[in-house]
Amino acid sequence: MDDAEHSERKSSDGGTSDHEALVDVPLSFELSGFEPLPAANRGGEAGPSAKWYHAAFHNLTAVVGVGVLGLPYSFSYLGWYWGVVALAVTLAASLYTAYLLAALHEEPDGTRHNRYVDLGRAMIGDAWARWLITPLQYSVMIGLAVAYLVTAGQSFQAVHNGRCNGHTDNTSSFDLDNCQAYLTGWIILFGAIQLLLSQVKDFHSLWWVSLLGACMSVMYSMIAFIASAVKGHSGVSYGKRSGSVADRTFGTFNSLGTVMFAFGGQVVMPEIQATLSVPPPAVRSMMNSIYFAYVVVTFAYFPVATAGYAAYGNEVNADVLLSVSQPPALIAVANFMVLVHIAASYQVFAQPVFENIETLMTKNQVWPSQQPRLMRAVVRSLYVVMTTFVAICIPFFADLMGLIGAAGFTPMTFILPCVFWLKAKQPQGITFWINIAIIVVFSVGGLLAAVGSIRQIAMHAQTYDLFH
């Protein structure tokens, strides 16, 4: 039976409505095809089955990252007023662009653009999607994988030995070199964990991992807030940070980048929305999940940023948990929660990479379609091994990730969604100017953050040591 006959049979049997028959390919390599295809062409394969709360877990894990722990440090450069303003404006703009992506995901005829690049292809053409969106998205997703491995290794260190996290007592010495000597082993251990998690079939099957990661992100944010609030603010200075004018200027640029990069879930939001079942309309379910995620974001980011800065002022560390010295057991627990959240985040940003590679291999007959499990094991294991190797080799990747974030997160989170909306809807009046304002403001902000990151790399270049 050919595809047309199959579609006609399903329609006549009443098994699938016209709306359901136009669902795009879900994120699973078992469903072949690179271009957006209606479900009627899938030969009867099951469509997306996720509910709004599954998407909420993915969105929360993608949006709330360990960057929340760096917000007090950003406030130490921006100050109370501009820190709150920058965080509030970025939050509002991020929520707005998340809505734009969700609203553009589905065409009036029901066809869904299941990947960010598919949406870009439909909005601004194949050339722009191929040569702009694809490099941006993959640089961010692969870059985050490496950054998460390095961060996870450091979190493992902190859980294993509080001295590596700067938590010492008066009777113990802090040997940074001794602590750092074990970083490679911790990174490899985290990579081994990812080897197992990467075998989860597809994005939707990963919902329980995202749920666990989302819970951990909320809990370590609460620990950071409560520990900072309990500490109080006696004897704290909120003046200018020490250093030269250039140091403070570029530190401010980096701080703007830290605030902007705290909202990066848009990079995979179309892929998350692709897992949602219809009916109800995917945009309704997606917006429910986004509203839920951003309520949590609001109640996590603002308390951590303000309480951390209030407690430690301009002496706060780049990770507020490094400033919290007591009780050591609580900080160890918080670092373990960070570790679990990072494990989930790695998968959220890796699954779209897996899906695209495996789909292309199936489409181009690089691998027999009768062996999907073996292909999954080989492709995903190679990806984890390669990102782990890069994390071990490049100790300065955190600095490089700032540049990748400025070049990738900013356009994909703030600029491209507005460009898509202007192209697709051609709005007039206030809506037009809101989109233009977001494009201009965050283009400038991303440029300043990139400049700050380049200086940071240049300043640290003399201390870099491969295989550190």
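1. The side chains of Arg121 and Asp126 meet in a salt bridge, at 3.0 Å from N to O. A salt bridge here is a side-chain nitrogen of Lys or Arg within 4 Å of a carboxyl oxygen of Asp or Glu. Arg121 is buried, with a relative accessible area of 18%, while Asp126 counts as partly exposed at 32%. For these words, buried means under 20% relative accessible area, exposed means over 50%, and partly exposed lies in between (1.4 Å probe, protein chains only).

2. A word on what you are looking at. This is a predicted model, in which local features need pLDDT of at least 70 and side-chain atom pairs count only at pLDDT 80 or more, whereas totals for chains, interfaces and linings use all residues. Residues are numbered from 1 along each chain as its sequence is written, and side-chain values use heavy atoms, with hydrogens and water left out.

3. Now for the overall picture. The protein chain has 16 helices and 0 strands; these are DSSP runs numbered from the N terminus, with helices (H or I) of at least four residues and strands (E) of at least two. Of the 468 residues in the protein chain, 51% are buried. Take the contacts (heavy atoms within 4.5 Å) between residues at least 6 apart in sequence: 82% of them join residues at least 24 apart. The accessible surface of the protein chain is about 20100 Å², and 65% of that belongs to carbon and sulfur atoms; such areas come from the Shrake-Rupley method with a 1.4 Å probe, and for residues only the protein chains shown count as cover.

4. Arg121 and Asp118 sit about one helical turn from each other because they are 3 residues apart in helix H4. Both of these residues are buried.

5. Arg115 and Glu355 form another salt bridge, with 2.4 Å between the closest N and O atoms. This pair links distant parts of the chain: Arg115 is in the loop between helix H3 (71–104) and helix H4 (116–124), and Glu355 is in helix H13, 240 residues apart. Both Arg115 and Glu355 are buried. A network of salt bridges links Arg115, Asp118, Arg121, Asp126, Arg130 and Glu355.

6. Setting aside residues up to four places away in sequence, Tyr301 touches residues including Val63, Leu71, Leu87 and Phe263.

7. Helix H13 (residues 328–363) also holds Met337, which counts as buried at 9% relative accessibility. Beyond its neighbours within four places in sequence, Met337 is in contact with Met216, Met219, Tyr220 and Ile223. The C-alpha atoms of Met337 and Met219 are separated by 7.4 Å, though the two are 118 residues apart along the chain.

8. Have a look at helix H11 (residues 282–312), where Ser285 lies. Ser285 is buried, with a relative accessible area of 8%, and touches Trp52, Leu276 and Pro280, not counting residues up to four places away in sequence. Just after H11, Gly313 takes a positive phi of about 60°.

9. Where is Gln426 found? Gln426 is in the loop between helix H15 (397–425) and helix H16 (430–460), and counts as exposed at 60% relative accessibility. Its phi is near 45°, a positive value in a residue other than glycine. Most residues other than glycine have a negative phi.

10. Finally, helix H9 (residues 245–261) has buried residues, among them Gly251, Phe253 and Met260, and helix H8 (residues 207–231) contains Met222. Met222 counts as partly exposed at 46% relative accessibility.
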